[in-house]
Structure formats: structure tokens, C-alpha cells
Amino acid sequence: MVIMNPKSSHDEFFKLLFREVKNAASYFQNNFPKKLLAKMDFATLKLEDGTFVDERLQEKFSDILYSSKIQGKTGYIYILLDHKSQPDKYTALQLLKYKISIWERHLDNHKTRGNLPFVFPVVLYHGAEKWRYGNNLKEIVENVEGLEIYIPDYTFALHDLSHFSDEEIKGEVVLQIGIHLLKNIYSEDLPEKLENIFELFQEIEDEKQGLKWIRAAMKYLGGSSSKKTIDKLKKVLENTEIKGTKGTKEIMATFAEELIQEGYDRGLLKGKNLTELREKRADRKRKLRTAIRLQEEGSELAFIAKIIELDTKYLETFFQRIGRF
């Protein structure tokens, strides 16, 4: 299991969600200006490699870059996820640096003397506090009367997810699930919202996709949420169905035991040393190896649980998962 802090958890989930072209296109079509959509050729939409965020800022920002023909020429859609718990006044400055890097890379790749390509910049913000700054550079630059023409300016599209109503979250089912989770991850009401969010999984037609995104959602919640949320998640999962899957409840229970335990472990990082946590996980692995040997020798589950000091239900689920129960 990978131990993640909440910010790296945001980064992983965001990139998993938006690296699927189908999800990105669905988000664009439901949230971008109509004038831009009319000029975009979605058949040419392509995910670009790499990140433009400085290494020292990757705890605060994540990014995705897409290229597309816009009005017949190569253009770019750049999405910056701001996953700090509160807004940053200087986000426009950071975003300007990334736009310049995109232009520089474009010139290097195309060896062109033409105009710089159009870049549509979007800030996707989902912090606990509502966005309280503007969305253009000029607002954070000191003005000198009569010399305004020398002050650079540009505007970015701000998508503050806290302002999205449930009715406004549209598009591919997986995208809807992802946006609901990003929107509510800091909310005190998240445990109560989980049931409605997870009902959306029942609309996913493809079994493998459904299980993939159940796991991704659980991993995100486990790495970013409170114990209250994790406890609620376990209950919700045990009643979640995926179309075309036999024994879904048993599969969900297994996922719950595996990933909820991972979530508890991550939560311990807030109050314990990482070395201590790793030692705890290593000890649990040793106990599980012992449990397998005892079971092979014919020992009963209750006896094994008593000997290795692990919960009987946890052991039962573990043996089911490895096909030994």
C-alpha cells in the first residue's frame, strides 16, 4: 500500500480523472464558454505529457495540459488544480509562469516563427474556504496612474467547485462522481453526501470501469478524509452495486476492509511518526503470514485471530480476498 498525504491524494485523483480524454472532453463541453466550444475541434483533443508546476509547489498545485485545434490552429487547454485548503492571492502569477512555459515548449517543438498559440487557462479550486480573489493578473499589480499600458494583464477562467450546485455537475458518470468528490472533500457534510455520490456508480455500464473507479474513489477518500467519513464510506460500500457484477456486496466488503484500513493508516500520519506507522504495517504483514501458515495447518479462524491478535472479521475478509476462505 502507498502512504499518501492528503495533498498527494488530491493530485493522484485529479490526474487519474482528467487524464482520461473522455472525462476531460465531457468537463470542457459542460463548463467552457460557448464561444470557445464552437471553435474547438474535439476530434483533435490530445493529452500532452509533463507538468509545468515547480517541484516546490507540487504540494499545492496539480496540472493537466491538452492540445486541440482551435479555430483551425493548434491551441492549448491548461487546467491548474489548486488543492490548498484556502485560496492564494498570487495564483494568477503562478499561472502566468506556466503559460509562458507552454509557449516556450510550443516554440521548441514546432520551430515556428508564427504567432504564439492560444492558451485557455482554467483554475479548478476546491478548497475549504471560498475563493475571495479576482481572476486576473492586473488586480495584484501595483497601479501607477498614467502608466497603466505598461502593466501586463490576462484573465483566467475560475471554476470554484464550492459554487457548483449538484444540478450543475453534468457529463460522463465518472466525471460527475469525481467532481462531487473534489467539491465535497473538505465539507463537514461529506459523510452524509456519500450515499448519493456512490449511487452514481450504479449507472456505470462497464463492470471493470465501475470497479476501477470505486477503488480510485475509496483511495482518494481514504487518503483525504476524517475517521467519520471513512466509517460512513464502509457502510455505503457494503450496499453499493455495480452492473453486471455477481456478488458485488462481497467484493465491496473486501475493498472496504483493504482500503479503509489503508485510510486509517494514512490518518495516523497526522499524529504519529512515519517510521512508527511503517513498523505497524510491517507487523500486520508478519501476522497475516502467520495466519496463512496456521490456516494451512488446519487451525480454526477464531483460534488464529486469538493467536495473532487481529479482528476475526478482518481475517475472514483477508482470507476471502486471497481465495482461502
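## Confidence of the model

Across this predicted model, the mean pLDDT of the protein is 82, and 82% of its residues reach a value of 70 or more. Confidence falls in some stretches, and among them are residues 1-6, where pLDDT stays under 50 although the model places 19 contacts there beyond four places in sequence. Over residues 267-272 the pLDDT is likewise below 50, and this stretch has 7 contacts in the model beyond near neighbours in sequence.

## Surroundings of Val122

Strand β4, which spans residues 119-125, contains Val122. With a relative accessible area of 0%, Val122 is buried, because the cut-off for that class is under 20%. Leaving aside residues up to four places away in sequence, Val122 touches Phe32, Tyr78, Ile79, Leu80, Ala157 and His159.

The position of Val122 can also be described relative to Asp63: the two residues stand 59 places apart along the chain, and their C-alpha atoms are separated by 9.8 Å.

## Aromatic pairs and a cluster

How many aromatic pairs does a search of the whole structure find? The search returns 12 such pairs. One of the pairs joins Trp131 and Phe156, whose ring centres lie 6.5 Å apart and whose planes meet at 85°, so that the arrangement is classed as edge-to-face. This pair links distant parts of the chain, since Trp131 and Phe156 are 25 residues apart, each being placed in the loop between β4 and β5 (157-160). Trp131 is buried, and Phe156 is buried as well.

Phe198 and Phe201 form a pair with ring centres 5.0 Å apart and planes at 45°, and this pair is therefore described as tilted, an angle between 30 and 60 degrees falling in that class. Both of these residues, Phe198 and Phe201, are buried.

Val144, Leu147, Ile149 and Tyr150 together make a nonpolar surface patch of about 470 Å². Within this group, Leu147 is located in the loop between β4 and β5, the loop that also holds Trp131 and Phe156.

How values were computed
Residues are numbered from 1 along each chain as its sequence is written. This is a predicted model: local features need pLDDT of at least 70, side-chain atom pairs count only at pLDDT 80 or more; totals for chains, interfaces and linings use all residues. Side-chain values use heavy atoms; hydrogens and water are left out. Helices (H or I, at least four residues) and strands (E, at least two) are DSSP runs, numbered from the N terminus. Buried means under 20% relative accessible area, exposed over 50%, partly exposed in between (1.4 Å probe, protein chains only). Contact means heavy atoms within 4.5 Å. Rings of Phe, Tyr and Trp (its six-membered ring) pair if their centres lie within 6.5 Å; planes under 30 degrees apart count as stacked, over 60 as edge-to-face and the rest as tilted. Patches are made of residues with over 30% relative accessible area and no salt bridge: like charges are joined within 9 Å, nonpolar side chains (Val, Leu, Ile, Met, Phe, Trp, Tyr) within 5 Å. Accessible areas come from the Shrake-Rupley method with a 1.4 Å probe; for residues, only the protein chains shown count as cover. A salt bridge is a side-chain nitrogen of Lys or Arg within 4 Å of a carboxyl oxygen of Asp or Glu. pLDDT is the predictor's confidence in each residue, from 0 to 100.
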